[in-house]
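Open the model in your viewer and keep the selection tool at hand.

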Amino acid sequence: MKVIVIGGGIIGLSSAYFLQQSGHEVTVIDQTDMLNNCSYGNAGYVCPSHFIPLATPGIVKQGLRWVLNDTSPFYVQPRFSKSLIDWGIQFMRSATPEKVEKAAIPLRDIALFSQHMYATLAAQPNFNFAYEHKGLLEIFQTEKGAEHAKHTVEKAHRLGLMDTVLLDYHALQTMEPQTKINALGAIYFKCDAHLYPNKLMAQLLQYLQANGVALLKNEIVTNFYTENRQIKSVVTAKAIHSADAFVLATGSWSRELAAQLRVSIPLMPGRGYSVTLENTPYHINYPAILVEGRAALTPMDGNKIRFGGTMEITKTTTPPKIKRVAGLLQAVQRFYPEFTIPMPSIEQIWYGFRPCSADGLPYIGKPKQWHNLVMATGHSMLGLSLGAGTGKLVTEILNEQKTSLAIDAFRVNRFD
Ligand SMILES: Cc1cc2nc3c(=O)[nH]c(=O)nc-3n(C[C@H](O)[C@H](O)[C@H](O)COP(=O)(O)OP(=O)(O)OC[C@H]3O[C@@H](n4cnc5c(N)ncnc54)[C@H](O)[C@@H]3O)c2cc1C
């Protein structure tokens, strides 16, 4: 079957990888050269521990408190926009304890499945993307953080992630003997892995090119030709490309493109920033989330450390707010007091747009409107983690095979 994948981020490339392996003739189309999208500068976590979606009780109140602060980690750009209002309403409806509890199971399952896919990929001779399965720390500084951590560990155990443990300050410091940590303790999620996304993306592109997948760069898909409930072709400024089936994996741009097909998905871009130090003088053994700092750091690919964070619900055209990076680096220093990182130049700051669905769960599957379209988008804070698993599921859906896991929670039309 001839398949066109729209979007060359981790979701599009993973889909192309498994589709090609399954014997399809695959073309990937991207509006850029595919060398920098949200799938590059992220923190690289492949993390079943992230079974709690963004839309949680309390985040809305916290977000409102942060709105006027330039260096805050969470921000919603206030504007009159129907899509933002629709998304906000669905976001708040999803932020109930019952819905968060329900979302945890499908998130855990797809994350474990995806992690297995990455481990398998990492063992292939053509791939070496610094995949390490050594766990992740979630470090807290306050009593409130400690209380929350206790509940999270209990919840992880209820979900079967039994190798999740609570560390006191001394146990935490023993795990990072080369670096002073300012904290009360941490959760240690042994189930998590991490990788260097830049290498993963480059090696996927290399593999696809070497294995006959056509990579069409700098072509924006603007429209579709359809007949009955079939998509026939996609339209770009350069050409009309026809195929038997299509995958829509356009990340933060998916809402607008899906709307061309009369498919409505609540989705907003959530910008985050990262800074990567090469040959850093600092040493950490483990990736860490700094709970009260709302920041993440990852030792990756030898002697690099990447610092990332912030969530700005905004438009993809809004200029970056570099001040937020100062807030991020200050948060890091509050936890790792020896880490004095000067404010990087604007060229050294990376940012990307997380495709944030309203409930933090991805949209994976065929929308009811079209027989030959699979959508794979809205992965929010977890696109890297869930990338390989999503690619495999997309292929199973297109092949009309039984999917490796239940995908009902990811239904594209669930907000209709
Ligand atoms: C600071 C930060 C840290 C993060 N850390 C992690 C992490 O540790 N673990 C994790 O799992 N996730 C993490 N994420 C989230 C993760 O990076 C994203 O969820 C993921 O990259 C989304 O992948 P994607 O393929 O859906 O989108 P993208 O990577 O954005 O790719 C979409 C592609 O579609 C193309 N496109 C869009 N519209 C069109 C069109 N009309 N025609 C043609 N092409 C089009 C775009 O050019 C783009 O290349 C992080 C994100 C940020 C910002």
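Select β19 and β20, residues 373-377. The two strands pair in the antiparallel sense over three bridges. Strands here are DSSP runs of E of at least two residues, helices are runs of H or I of at least four, and both are numbered from the N terminus. Two strands count as paired if DSSP finds at least two bridges between them. This is a predicted model, in which local features need pLDDT of at least 70 and side-chain atom pairs count only at pLDDT 80 or more, while totals for chains, interfaces and linings use all residues. Residues are numbered from 1 along each chain as its sequence is written, and side-chain values use heavy atoms, with hydrogens and water left out.

Now pick out the bridge partners. Y363 is partnered by T377 in β20. I364 stands opposite A376 of that strand.

Stay on β20 and show its side chains. Which residues point which way? L373, M375 and T377 point one way, V374 and A376 the other, and all are buried. That makes five of five residues of β20 buried. Buried means under 20% relative accessible area, exposed means over 50%, and partly exposed lies in between (1.4 Å probe, protein chains only).

Look for F246: its bridge partner in β20 is L373.

Six strands form an open sheet in the order β9-β2-β1-β13-β20-β19, with mixed pairing. Its edge strands are β9 (214-216) and β19 (363-365), each pairing on one side only. Neighbouring strands of this sheet are turned by 20 degrees against each other on average, direction ignored. For such angles, axes are lines fitted to C-alpha atoms (for helices, over the stretch in contact), and values run from 0 to 180 degrees between N-to-C directions. Strands of a sheet pair through backbone hydrogen bonds, either parallel or antiparallel.

Next, select β14, residues 267-277. Of its 11 residues, 10 are buried. Which strands pair with β14? One is β18 (residues 349-357), joined to β14 by nine bridges and running antiparallel. Find P269 there: its partner in β18 is P355. Another is β17 (residues 304-313), antiparallel to β14 over seven bridges. Here S274 has G308 of β17 as its bridge partner.

Move to β5, residues 136-140. Five of its five residues are buried. Both faces are covered: L136, E138 and F140 lie on one side, L137 and I139 on the other. Five bridges join β5 to β7, and the pair runs antiparallel. E138 stands opposite I187 in β7. With β15 (residues 288-290), β5 pairs in the parallel sense over three bridges. There, L137 stands opposite A288.

Now click Y188, which sits in β7 (residues 185-189). Is Y188 buried or exposed? Y188 is buried, because its relative accessible area is 11%. Then draw a distance from Y188 to K99. Their C-alpha atoms are separated by 25 Å, and the two residues are 89 apart along the chain.

Turn to the surface and select F80, I85 and I89. These residues form a nonpolar patch with about 370 Å² of accessible area together. Patches are made of residues with over 30% relative accessible area and no salt bridge; like charges are joined within 9 Å and nonpolar side chains (Val, Leu, Ile, Met, Phe, Trp, Tyr) within 5 Å. A salt bridge is a side-chain nitrogen of Lys or Arg within 4 Å of a carboxyl oxygen of Asp or Glu. Areas come from the Shrake-Rupley method with a 1.4 Å probe, and for residues only the protein chains shown count as cover. I85 belongs to helix α3 (residues 82-94). I85 counts as partly exposed because its relative accessible area is 45%.

Finally, zoom out to the whole chain. How many helices and strands does the protein chain have? The protein chain has 10 helices and 20 strands. Its radius of gyration is 21 Å, close to the 22 Å that the globule rule gives for 416 residues, so the chain is as compact as a globular protein of that length. The radius is taken over C-alpha atoms, and the rule is 2.2 Å times the number of residues to the power 0.38. Along its principal axes, the C-alpha trace spans about 65 × 50 × 45 Å. Colour by burial to end: buried residues make up 60% of the 416 residues.
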